[in-house]
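Let's take a walk through this one together. Have the sequence and the 3D view open while you read.

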Amino acid sequence: MGSYIVRRLLYGVLTFFGITLAVFILVHSVPGDPISFYISQHMTHLSQPALDAIRHEHHLDEPFIAQYLYWLRDAVFLNFGNSILDHRRVTDRILEKLPHTIELNAIAFLLAAAIGVPIGLWSAARSGRPVERASAVLFFLLYSLPSFWVALLLMEFFSVKLGILPLFGMTSDDYFELSNAQKLLDHARHLVLPVVTLAYAQMAIFARFSKSALTEVIRQDYITTARAKGVAPQRVLWRHAFRNALIPLITLLGLTIPYLISGSIIVEDIFQWDGIGRLYFTSILSRDYPTVLGLTVATAVITLISGLLADVLYAFADPRIRFEAAR
Amino acid sequence: MMWRRFRRSKLALIALFYVGVVVLIAICAPLLTSDPNNVDLASRLRPPDRTHRLGTDDLGRDVLARVIHGARVSLSVGFAATAISLIIGSFLGALAGYYGGAADWFVSRVIEVVLCFPFLLLVLAIVALFGPSFLTVMIALGLTSWTTEARFMRGEFLRIREMEFAQAARASGARDARIIFRHLLPNAIAPVLVSASFGVAAAILTESALSFLGLGVPPPTPTWGNILSTAQQHIDYAWWLALFPGVAIFLTVAAFNIIGDRVRDALDPRSE
């Protein structure tokens, strides 16, 4: 068990270096160095020696490998330099927006799990019947809906036509004049549409995943054994099958995080939610490279850590993984 | 045998038929409609009527013509991006599965790194850094989505590389390249094609999201995504702009997903 975790962690460290190298190569394969782009926008009057001095200061006159190591030295401590836009530290800017994104995604994640998992288990228990087949198609249809389109339709219907929910933003204009209870309600009203947009597709994924997990368990020999020795069908499901079907759901924790971050970019852009997804998109548009780089590495590291966490939890929950790893 | 099992699903046949029709429409688009970029400021933001069956956009362009021409971008990006990821994924997966050892270790580590990046983030970064165009969108999607294909191909190669026909080829002195491409690849491709069908669906979805965000194939080329981003600006009024391109994306993505799902079922000997 211990050696399994250690090995998994070592691979994690290796993956971290892979992530930083990939991002660095990506940025450096763009024609022209970042300084020349930056200068052409802001300081057209600079002389050649002054340009060279700036290049030297940022190590841009050194070999590729040296540049990578300089950057890596800072990246290890999650220091990505300052934003080109407001010259504040990239790390501060990310930490400032992160809670908004976590709030939105945590609610959507819990909602999707609370609805999706029971539906998935329920439809797997009815394997082969029309209900199960219809639900499988329904999951697929939900999964195929473009989230930005769903967002537009929701806005069209609930905000424009019915006028019962706000179009976008995190709070109303008069937020600071409201009482505390009203503030809470106002914020909750702003949460509804973005949360629904994030949650519906995840719900379909949770349902499909838990359904196939339970279907897989039902095929196992020990279920046949339980049935053969005369355990009541309901008891086979509850005692023998459900508990084992829940274990693979742990991997979803690691798998959905990158998916959530991707979804946040679209949803936060449409609903003008002030989180890291929107920060990433505006940084891309304004070519704020330090922020783009920082966020790319930061989100990849978040994914990496949640994946590691899921693997370790899985090893705790399923002894077979431990034995296999120990061999 | 596979086709017989696939055919049993009515839904899959409908999906296949639908994809066929959309492909035909995309190919024949210039014959079917007027110029999608024909600006007519006198009739801007008109709801659907006789002359403009699906209404007009903010520049008075015919939405039906733009939706039909949008199919060209969506389908060609979808197929091209999937072809790129098939080639990269199959190649790396085959190497990892066939040689095992260090090759397998290395490819697995690369896959781990790629999977750590949130998909859309990486695609957006590549497209923004190299400038949005048909080519960059296609390449960005292909470069970021090959991991599924690689894992399937690796698994298949691990399964079949020690089978008798592979050993026979090796015993008769065939070179590695010949064994991989002539003997093993044709026997390993079927499950990979399933993931390719899902891949086309995902690529179409992502392309439309990029267009919607303004970083897809640049205007005035009509795409389903950029009609929807016009719709967002006129959300309080022009419902037809939001409805029709969205339906087009949804049906096409759903069709590819359903085909992939049913082919997978048909290939899986356990499903009955």
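How many helices and how many strands are there in chain B? The count is 12 helices and zero strands. Keep in mind that this is a predicted model.

**The two chains at a glance**

Reading chain B from its N terminus, you go through α-α-α-α-α-α-α-α-α-α-α-α.

| Item | Value |
|---|---|
| Chain A, span of the C-alpha trace along its principal axes | about 90 × 60 × 35 Å |
| Chain B, span of the C-alpha trace along its principal axes | about 75 × 45 × 30 Å |
| Chain A, buried residues | 47% of 327 residues |
| Chain B, buried residues | 53% of 272 residues |
| Chain A, accessible surface | about 16800 Å², 66% from carbon and sulfur atoms |
| Chain B, accessible surface | about 12100 Å², 66% from carbon and sulfur atoms |

Now for how the chains fold back on themselves. In chain A, take the contacts with a separation of 6 or more: 72% of them are between residues 24 or more positions apart. For chain B, 72% of the contacts between residues at least 6 apart in sequence join residues at least 24 apart.

Charges next. Chain A carries 27 positive and 25 negative side chains, with the centres of the two sets 17 Å apart. In chain B there are 24 positive and 19 negative side chains, and the centres of those two sets lie 6 Å apart.

**Chain A: around H11 and H12**

At what angle do the axes of H11 and H12 of chain A cross? H11 (residues 249-270) and H12 (residues 276-285) of chain A cross at roughly 85 degrees, and their axes come within 7 Å. Angles from 65 to 115 degrees count as roughly perpendicular, so H11(A) is roughly perpendicular to H12(A).

Which residues meet there? From H11(A) come Ser264(A), Ile265(A), Glu268(A) and Asp269(A). On the H12(A) side you'll find Ile276(A), Gly277(A), Arg278(A), Tyr280(A) and Phe281(A).

Setting aside neighbours within four places in sequence, Ser264(A) is in contact with Thr101(A), Asn105(A), Leu198(A), Asp269(A) and Gly277(A).

The loop between H11 and H12 of chain A holds Gln272(A). Its phi is near 50 degrees, a positive value in a residue that isn't glycine. Most residues other than glycine have a negative phi. Gln272(A) is partly exposed, at a relative accessible area of 34%.

Further along, Thr282(A) is part of helix H12 of chain A. Is Thr282(A) buried or partly exposed? With 40% relative accessibility, Thr282(A) counts as partly exposed. Val292(A) is 10 residues from Thr282(A) along the chain, and their C-alpha atoms are separated by 9.3 Å.

Most peptide bonds are trans. Pro220(B) lies in the loop that links helix H10 (176-212) and helix H11 (224-233) of chain B.

Back in helix H10 of chain B is Ser208(B). At 0% relative accessibility, Ser208(B) counts as buried. Leaving out neighbours within four places in sequence, Ser208(B) is in contact with Gly225(B) and Ile249(B), and with Phe148(A) from chain A.

Finally, turn to Arg5(B), in helix H1 (residues 2-7) of chain B. Is Arg5(B) buried or exposed? Arg5(B) is buried, with a relative accessible area of 17%, and under 20% is what that label requires. Arg5(B) and Leu228(B) are 223 residues apart in sequence, and from C-alpha to C-alpha they are 38 Å apart in space.

How values were computed: Residues numbered from 1 in each chain as written. Chains lettered and ligands numbered in written order. Predicted model: local features only at pLDDT ≥ 70, side-chain atom pairs only at ≥ 80, totals over all residues. Heavy atoms only, no water. Helix = DSSP H or I, 4+ residues; strand = E, 2+ residues; numbered from the N terminus. Buried < 20%, exposed > 50% of the residue type's maximum accessible area, 1.4 Å probe, protein only. Contact = heavy atoms within 4.5 Å. Areas by Shrake-Rupley, 256 points an atom, 1.4 Å probe, with all protein chains shown as cover. Lys, Arg positive; Asp, Glu negative; His and termini not counted. Charge placed at Lys NZ, Arg CZ, Asp CG, Glu CD. Axes fitted to C-alpha atoms, helices over the stretch in contact; angles between N-to-C directions. Parallel < 35°, antiparallel > 145°, perpendicular 65-115°, else oblique.
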